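Thanks for coming. I will go through one model today, starting with a term and then moving to the details.

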Amino acid sequence: MSTPHKKLFIPGPVEIAPEILEAMAAPMIGHRMKEYAVIHGRIKANLKKLLFTDGRVFLATSSAFGVMEGAVRNLVSKRCANFCNGAFSDKWHDVTKRCGKEADAFKAEWGQPITPEIVDQALSTGKYDSMTLIHNETSTGVMSPLAEICEVLRRYPDVVSIVDTVSSMSAVKVPLDELGIDCCIFGVQKAFALPPGLAVFTASDKALARAATVEGRGYYFDFLEFAANDEKDNTPSTPCISQIYALDLQLQRFFAEGLEQRWERHRIMAEQVRDWVKSQGYGLFPEEKYCSQTLTCATNAKGTDLATLKKMLGERGYAFDDGYGKIKGKTFRIAHMGDMQPKDLLEFTEVIEDCLRNIS
Ligand SMILES: *Cc1c(COP(=O)(O)O)cnc(C)c1O
């Protein structure tokens, strides 16, 4: 028997709308049947609208790291610059090397953004033909200035840009073609508010041309296999069809809400949580202008016993995050992404306040 459900305020996976869970229970179809291509085609068209791109959009059955690894295997030929400012981007550097690629890490302190200057300095060495960047470092709650970084990238047309938007895509505007991103990757269990196991990625002409020259792409994440199957609104191997039903409905829900309204809701929720954090005497881990729009990472300035707080919240039916990796216990994170509403956050912060009154 499963334990009672805890309402998720952690930065992924996040709460899933009941109608999404219902959509996943629909009867199965075959992925080589016409019915599948219809759904896949509709999803692609909606993703292109959401991502502001006319380029190729692919669906992969894996968590985000599957495609993050796949992108490195397909797109790094000479040497990769991995920009690192937190646990996920640090890991991506590790993954790049594990794939047997030449790579260097350019690190900013945890809590700091990757700046256009850091990127410019690295790429101006001329050593790199590819780069990885995480738009929104979920471990530290930092959103790096993507538009300014992409301005710098324009000066390096031979560099293929690989950008992770796992915890930002759909919550803020990320217009891929305007930014000139070659390969954008995101899983769906965070900002998209879907169950985990499905990832979306894009590949520009430049990215596909690079992939065609790179050996050791493997099969499961071979970008050329994805491109060939894409012509038929299909995937190289059997996709997670139930989750694809969910993605289909979720995209329709995004457009029903309205993209502008969705971005605005995230802006309001981020402000609400930052204000609450400050009002309680905690600090913001990143500098305020780099604070993420989808989660807030707070410093435990009052030295609260976060393990006890987490336990108390758990008993009251709420999942709380007491920090990630090396900043666990020193920080805590509150997610405000996906389908969450300001009133959900108000409910959560009121319960936290109540728990805090009962912790010495
Ligand atoms: C969660 C997360 C990942 C890892 O995703 P998986 O789906 O667990 O593979 C990668 N990047 C960012 C920014 C994340 O938040």
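Helices here are DSSP runs of H or I with at least four residues, numbered from the N terminus. Gln252 is found in helix α10. This is a predicted model, in which local features need pLDDT of at least 70, side-chain atom pairs count only at pLDDT 80 or more, and totals for chains, interfaces and linings use all residues. Residues are numbered from 1 along each chain as its sequence is written, and side-chain values use heavy atoms, with hydrogens and water left out.

Back to Gln252. With a relative accessible area of 38%, Gln252 is partly exposed; buried means under 20%, exposed over 50%, and partly exposed lies in between, using a 1.4 Å probe and protein chains only. Leaving aside neighbours within four places in sequence, Gln252 is in contact (heavy atoms within 4.5 Å) with Arg42 and Asn46. Gln252 and Arg42 are 210 residues apart in sequence, yet their C-alpha atoms are 9.9 Å apart in space.

Next, the interior. A nonpolar core is a set of buried Ala, Val, Leu, Ile, Met, Phe, Trp, Tyr and Cys residues joined through side-chain atoms within 4.5 Å. The largest one has 85 residues, and Leu47 and Phe192 have the most contacts inside it. Helix α10, residues 241–257, supplies the largest share of this core, seven residues. Which residues does Leu47 contact, leaving aside its neighbours within four places in sequence? They are Val57, Leu59, Phe186, Phe192, Val200 and Leu251. A second, separate core of 25 residues includes Leu306, Leu309, Leu313 and Cys355.

Note on methods:
Helices (H or I, at least four residues) and strands (E, at least two) are DSSP runs, numbered from the N terminus.
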